[in-house]
Structure formats: C-alpha cells, structure tokens
Amino acid sequence: MSASYTAVGWNRQKKYYDWLILGFCVFYLSIFVSLTAIYNPQYTFETVLIRATATLAVLLLHIILATGPLARLNRKFLPLLYNRRHLGVTMFSIALVHGGFSILQFHALGNTNPFVSLFTSNTQFNSVSQFPFQALGFFALIILFLMAITSHDFWLHNLSPKVWKTLHMFVYLAYFLIIMHVMLGVVQYETNPVFVVMLLAGTVALVSLHIITGTKEVKKDNQVFDKKKDGYTYVCSVNEITESRAKIFCIGTEQIAVYKHSGKLYAISNVCKHQGGPLGEGKILDGCITCPWHGYQYLPENGQSPPPFKEKVSTYDTRIEDSKVWLNPKPYPEGTTRPGAVI
Amino acid sequence: MKPLRKKHLLAWRLLAVLLPAGIIIASLSLPVQLPQQLLQPGAASPLPIVLKKADRLNYTVAIRSNTTGSALQLEWINKTVLQYPTATIYAGENSKDISTAKLVGRIEARGNWYFALDSTFKTAGANHFIVYDFIHQQVIDTINCTP
C-alpha cells in the first residue's frame with residue numbers, strides 16, 4: 001500500500017523475514033557444500049554449486065506454492081504469505097545461479113554460442129529418456145524471470161490486476177516444467193532413489209494440499225443462504241464471529257466480509273483492491289481491516305483506506321435480530337460510510 | 001475472487017493429472033541399472049586383484065575383484081581433469097548404443113570412482129563400457145578392458 005512508488009516497502013516485519021530467508025539460504029547452501037566436501041571431495045565447485053542451488057530452488061518453490069493453501073488452513077502461516085513475493089524473487093535468483101552456472105559448465109566451453117548450444121546440442125525431442133531436459137529448465141527460468149521483474153506493485157498497477165494475475169498463474173506451468181526438467185534430467189542418471197522419493201513426496205503433498213483447500217473454498221463459495229427477509233439474508237449468529245475478525249459470505253455475485261469490531265458488526269467487500277486478497281481472512285489492526293496478503297488497510301465503517309491512501313471497497317448493511325446476523329448483499333458505492341449493526 | 005479461485009483449482013486439477021502422467025512416463029524410460037550401489041569415492045577402497053584394465057591418455061579403467069572372486073568392482077581413475085564436467089558409464093554389448101546398455105553410474109570431471117558390480121555384470125556387457133555425455137547426448141568413448 002503506497003501513496004507513491006518506492007523501490008520496496010520494507011517494514012520491520014519484512015526486514016525480519018528477509019533476514020530469515022537469507023539466513024536459511026546461506027545455512028542450506030553451507031550444509032550442502034560442507035556435506036559434499038566431506039563425502040564427495042572430488043566434485044568441482046561448479047558442480048556443487050549447480051546441485052546446491054538446484055535443490056534449494058526446488059525446495060523454495062515448494063514452500064512458495066504451499067504457502068497459499070497453508071495460510072487458508074492455519075492463520076499462523078499468514079506471515080509467510082505476506083512475504084511470499086520476497087521469497088519468490090529469492091527463489092528466482094537462486095534458480096538463475098543454477099541456470100547460469102549450468103550453461104557455463106555444459107555449454108560455454110565449445111566454440112558455439114552457449115545459448116545456441118543449449119538448444120542444438122541435443123534435439124531428440126521425440127525421445128523420453130534422451131529428451132533435451134535443459135530446455136525445459138530454461139523456459140521455466142524465463143517464466144520465473146518475468147514473474148520476478150513484475151513482482152513490484154508498479155507492474156501490478158500498470159498491467160492491471162487481471163493481466164498481472166494471469167501472468168503470475170504461469171507459475172503452474174513453470175512448476176510442471178521444473179518437475180519434468182528434473183525427472184527427464186538428473187533422475188535419468190541418478191542411481192540413488194532418495195532424491196526421486198523426496199521430489200515425489202513434495203509434488204504429492206503440494207497437489208493434495210491445493211486440491212483439498214481449493215475444493216473446500218469453492219464449496220464455501222457455493223453455500224446457499226435461503227433465509228431472506230426485506231432484502232436481507234440470514235448468514236450466521238453473532239457468536240460465530242470472533243472479535244476483530246470476520247466471516248466471509250458469498251451471496252449471489254457478492255463476496256462479503258462481516259467484521260466484529262468494538263461492539264458492532266461491519267460488512268465490506270471481501271476483495272482487496274490491491275491483488276484481490278481475501279479481506280475477511282485478515283484482522284483488525286490499529287482500527288483498520290488489514291488484508292492478510294500484503295497488509296493493505298481499510299476502515300471498517302466506510303471501506304476506505306486511511307489517508308493518504310486512496311483505495312476504497314464497497315460497504316454493506318447488516319442487521320442483528322435475536323443474536324442472528326442478517327446481511328443485505330446490495331453493495332453501496334465504494335467508500336460509503338455505514339453505521340454498522342450494534343451487538 | 002470466485003472465478004480466480006476456480007482458475008487456481010482448475011490449474012491444480014490439471015497438474016494432478018499431468019504431473020503423475022509426466023513422472024510415470026519419465027520413470028518408465030529410466031535406463032536399466034546394474035543392481036549395485038554407487039560407492040562414494042571416499043568410502044570405497046579398491047579391491048586387491050585387477051582382472052582387466054584399459055589405459056587411456058586421460059583416464060584408466062579397471063575391473064577389480066576380491067581374492068575369492070565373489071565381489072567385482074569397476075575402478076575409474078581420472079589422470080587429468082576430463083573435458084566433460086560429468087558423464088555416465090554404461091556396460092553394453094560391443095556397440096555405441098546406450099539404449100540396450102545398462103547404466104553403471106556417473107562420474108565427474110576429476111577424481112577416482114568405484115562402482116560395485118555383481119555377478120549379473122558378467123552377462124550385462126562383459127568388459128565393454130560406453131562413456132556417455134548425457135547433456136549433449138553423445139558417446140565420448142568406448143572402452144574394452146583387456147586382461
């Protein structure tokens with residue numbers, strides 16, 4: 001959330017997580033290099049670096065892709081979601097080191113341009129076992145590069161959230177390419193099964209996690225609220241909503257977050273103006289509804305970001321009768337002040 | 001939000017089909033390996049008897065055994081740093097075709113490498129080895145060990 005563009009909005013929390021990410025990467029690489037030095041002292045430095053960065057990048061990609069569903073299952077993972085973009089850029093940087101050193105090691109020693117060599121040294125596209133797996137990694141790296149350079153909000157605003165989201169959904173293609181890069185590459189020549197087992201475990205866990213949470217979310221989205229009165233829809237009882245937190249309701253085409261705050265219930269659109277994050281999964285901090293994805297904030301009574309910020313979301317009317325919460329799904333224009341329902 | 005969630009779910013459902021399919025296809029194409037464990041250079045010591053040997057300018061290859069002949073070992077010694085950063089060794093019939101050969105293991109550009117071989121090795125390609133660069137998909141060398 002910014003009134004003007006700055007390079008990166010580093011607050012105390014982001015700095016803390018960035019140090020954590022850096023520390024973890026250094027720790028992982030050190031352990032990998034040390035163990036290789038002990039058990040395989042004859043490996044060249046380039047080989048060790050290529051393998052260390054490859055495994056680290058794959059591990060980070062799994063963490064990044066698992067963050068979304070984990071945060072939906074347990075709020076304790078929300079800080080990871082908040083810092084996911086930094087982790088993504090870190091992962092790309094590590095993958096770039098892997099790609100760069102691989103091209104240097106395997107293609108830069110001849111008299112052919114390394115990039116030409118990458119695509120022409122092996123053209124057995126009709127073979128599975130001898131498939132040019134390096135090309136898959138190269139294309140995955142291109143996708144990760146495009147994602148990394150457009151990760152700043154500048155690009156989100158200029159490309160529009162729809163285009164930006166579509167571009168960043170290519171991470172799924174990148175993930176597929178990377179898994180196949182590994183399966184058709186190193187796995188074909190690796191006699192130790194541990195690596196394959198770990199990769200399979202990661203893939204199965206990730207796919208299962210996404211399918212389970214995604215199905216759950218879609219089911220929640222399709223929940224039918226059939227008790228209606230005077231334009232209002234009965235949604236839940238007051239006790240079902242925790243203080244400073246919200247419950248999300250999907251009525252017709254509207255996704256609404258109903259927040260409990262200081263003895264009142266307020267309803268605002270569940271969709272954050274920044275990246276479409278679920279505002280109802282956030283909480284009220286300093287009197288503002290705070291998006292769990294990147295910390296964008298809105299006042300509960302009018303859906304406006306506190307000055308000097310200008311983002312606004314729609315507001316809705318709520319009513320309480322005998323501890324039952326009734327919600328009017330007709331949206332008010334963005335930023336309209338509503339009194340909220342007194343509990 | 002709703003369509004976006006559906007798109008994400010659709011993408012993962014697609015991956016749930018494509019990833020296992022890709023992994024299974026890739027696994028089916030894994031080369032047949034000699035039933036042996038790759039020995040780490042530091043952990044392996046050469047067996048005492050040299051049965052067969054081949055000498056090249058840059059490396060020496062030997063088949064070794066223990067005193068009773070119950071254990072076999074392939075020894076690969078890089079005399080100088082190889083031009084290839086990494087390569088695989090196949091035991092095959094007398095040809096350059098790795099599709100019918102059995103994967104013995106992988107070597108790096110320098111150092112000594114030891115691979116345990118069992119009795120099936122004798123029928124897997126006798127004393128003929130193919131050194132293969134899997135990055136550029138080309139045969140680097142074929143080696144016939146001699147007694």
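Predicted model: local features only at pLDDT ≥ 70, side-chain atom pairs only at ≥ 80, totals over all residues.

Mentor: Let's begin with what a contact is: two residues are in contact if their C-beta atoms, placed from the backbone, lie within 7 Å. In chain A, residues 24 or more positions apart account for 54% of the contacts with a separation of 6 or more. So chain A is our part.

Some ground rules before we dig in. Residues are numbered from 1 along each chain as its sequence is written, with chains lettered from A and ligands numbered from 1 in the order in which they are written. The model scores ipTM 0.78 and pTM 0.75.

Now the overall layout. Along its principal axes, chain A has C-alpha atoms filling a box of roughly 75 × 40 × 35 Å. You'll find 10 helices and 11 strands in chain A; helices (H or I, at least four residues) and strands (E, at least two) are DSSP runs, numbered from the N terminus. Chain A has 343 residues, and 35% of them count as buried. Buried means that 20 or more other C-beta atoms lie within 10 Å of the residue's own, exposed means 12 or fewer, and partly exposed is in between, with C-beta atoms placed from the backbone.

Chain A splits into domain 1 (12-220) and domain 2 (228-342), with bounds that come from an automatic or database domain assignment. Their C-alpha centres lie 37 Å apart. Where they touch, 6 residues of domain 1 meet 6 residues of domain 2. Helix H3 (residues 78-82) of chain A gives 3 residues to the domain 1 side, the largest share. That domain 1 side has 6 nonpolar residues, no polar and no charged ones. For that sorting, Ala, Val, Leu, Ile, Met, Phe, Trp, Tyr, Cys and Pro count as nonpolar, Asp, Glu, Lys and Arg as charged, and the others, Gly among them, as polar.

Next, the neighbour. Between the chains, 45 residues of chain A are in contact with 40 residues of chain B. On the chain A side, the elements giving two or more residues are helix H2 (45-73), helix H4 (84-107), helix H9 (171-184) and helix H10 (194-221). H10(A) supplies the largest share, 10 residues. The chain A side as a whole is made up of 21 nonpolar, 20 polar and 4 charged residues.

In E4(A), 7 of the 8 residues are buried, so the strand is largely enclosed by the rest of the structure. A word on pairing: two strands pair if DSSP finds at least two bridges between them. Strand E3 (residues 246-251) of chain A runs antiparallel to E4(A), and 6 bridges join them. Pick out Ala246(A) and you'll see Tyr259(A) of E4(A) standing opposite. The E3(A)-E4(A) hairpin has 2 residues between the strands, and Gly252(A) takes a positive phi near 65° there.

E4(A) also pairs with strand E5 (residues 264-269) of chain A, antiparallel and over 6 bridges. Here Lys260(A) has Leu265(A), in E5(A), as its bridge partner. The hairpin of E4(A) and E5(A) again has 2 residues between the strands, with Ser262(A) at a positive phi near 50°. When you're following side chains along strands, bear in mind that in a regular strand they alternate between the two faces of the sheet.

Further along comes an open sheet of 3 strands in chain A, in the order E6-E7-E8, with antiparallel pairing. Strand E6 (283-285) and strand E8 (297-298) of chain A sit at the edges with a single partner strand each, so one side of each has no neighbour in the sheet. Strand E7 (residues 288-290) of chain A pairs with E8(A) over 2 bridges, in the antiparallel sense. To find that pairing on screen, look for Ile289(A), whose bridge partner in E8(A) is Tyr298(A).
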